[in-house]
Amino acid sequence: MVKKYLVQVKYSRLSKPTLFATDIDNLKIGDQVLINTERGEEMGIVASEPSNIESFTSKIDVSTIIGRPTSTEVHIYNDNLKRAKDALKIAQEESDQLKLGMSFLGAEYVLDASKLTLIYTADGRVDFRELLKILAGRLHTRIEFHQIGARDKARATGGVGPCGRELCCLSFLKNFDGISINRAKNQQLSLNNAKLSGSCGKLMCCLLFEDETYTREAKDYPPIGSTIKKDKVTYKVLGFNIVSKTVKCEGPEGIAFIKLSDIKK
């Protein structure tokens, strides 16, 4: 049966909201729904209002929402959350005993508790075969380990960036591809790792989504290394500041900062 609507659902702390098809037209953001994922049957949280599936021009291969959970299923889900906290503590204790260098951030059961996913960070690869045997004996369920990187860890734990606002990766940024030192060079930032690093210790995410604006605005400025004239004085362009709209120049009397508006005149 063809479904009429598409809705975004988030079912894991670290997952992006995923599109699911449904016939339920009155779902609200924050509603709980039952879904099938690659891990099994899980509880998800609605992250968008339903959209008519006909409004999507391209064909999308999506899973379907099973339906709204019953009170019994909600109770099981809440009980699993409590069990997951205990499992997380046990996993960390056993890992520490084996000195594996794993730092566990989350534990997630599928609805029937037949599978447990343990999320962790570590410096490099970890041989967790012995740990897996121990945990399987203590927790009596199928266990899967999922290693994440520093950026995903920051998203999972949350926090505030150097700008004083909530971390971009937590609030809106979902894709980390393309965050490189070349972005900093393009924005004429000081290549100081401490100043360019975010809470995760990696290059700040804002280097990525602000780069387009810097690239567009830079077209209004004279090229670095070129010369300009102002009040009959010749200056060599050393750089420019898009925020303050000034050009850093070297003239007969040393360094000067000239407004872009004055250069255009």
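**Aromatic contacts**

1. The model is a predicted one.

2. Across the whole structure, a search finds 6 aromatic pairs. One of them joins Phe 104 and Tyr 120: the ring centres are 5.9 Å apart and the planes stand at 50°, so this pair is classed as tilted. The two residues come from distant parts of the chain, with Phe 104 in strand S7 (residues 103–109) and Tyr 120 in strand S8 (residues 115–121), 16 residues apart.

3. Is Tyr 120 buried or exposed? Its relative accessibility is 3%, and Tyr 120 therefore counts as buried. Tyr 120 also pairs with Phe 145; here the centres lie 6.2 Å apart and the planes are at 85°, so the arrangement is edge-to-face. This pair again links distant parts of the chain, from Tyr 120 in strand S8 to Phe 145 in strand S9 (residues 142–147), 25 residues apart.

4. Phe 145 has a relative accessibility of 13% and counts as buried.

5. Which residues do the ring pairs link into a cluster? The cluster consists of Phe 104, Tyr 120, Phe 128 and Phe 145.

6. A contact of another kind involves a charge and a ring. The charged end of Arg 83 is placed over the ring of Tyr 109, at 4.8 Å from the ring centre.

Definitions and conventions:
Residues numbered from 1 in each chain as written. Predicted model: local features only at pLDDT ≥ 70, side-chain atom pairs only at ≥ 80, totals over all residues. Heavy atoms only, no water. Phe/Tyr/Trp six-rings, centres within 6.5 Å; stacked < 30°, edge-to-face > 60°. Helix = DSSP H or I, 4+ residues; strand = E, 2+ residues; numbered from the N terminus. Buried < 20%, exposed > 50% of the residue type's maximum accessible area, 1.4 Å probe, protein only. Lys NZ or Arg CZ within 6 Å of the ring centre and 35° of its normal.
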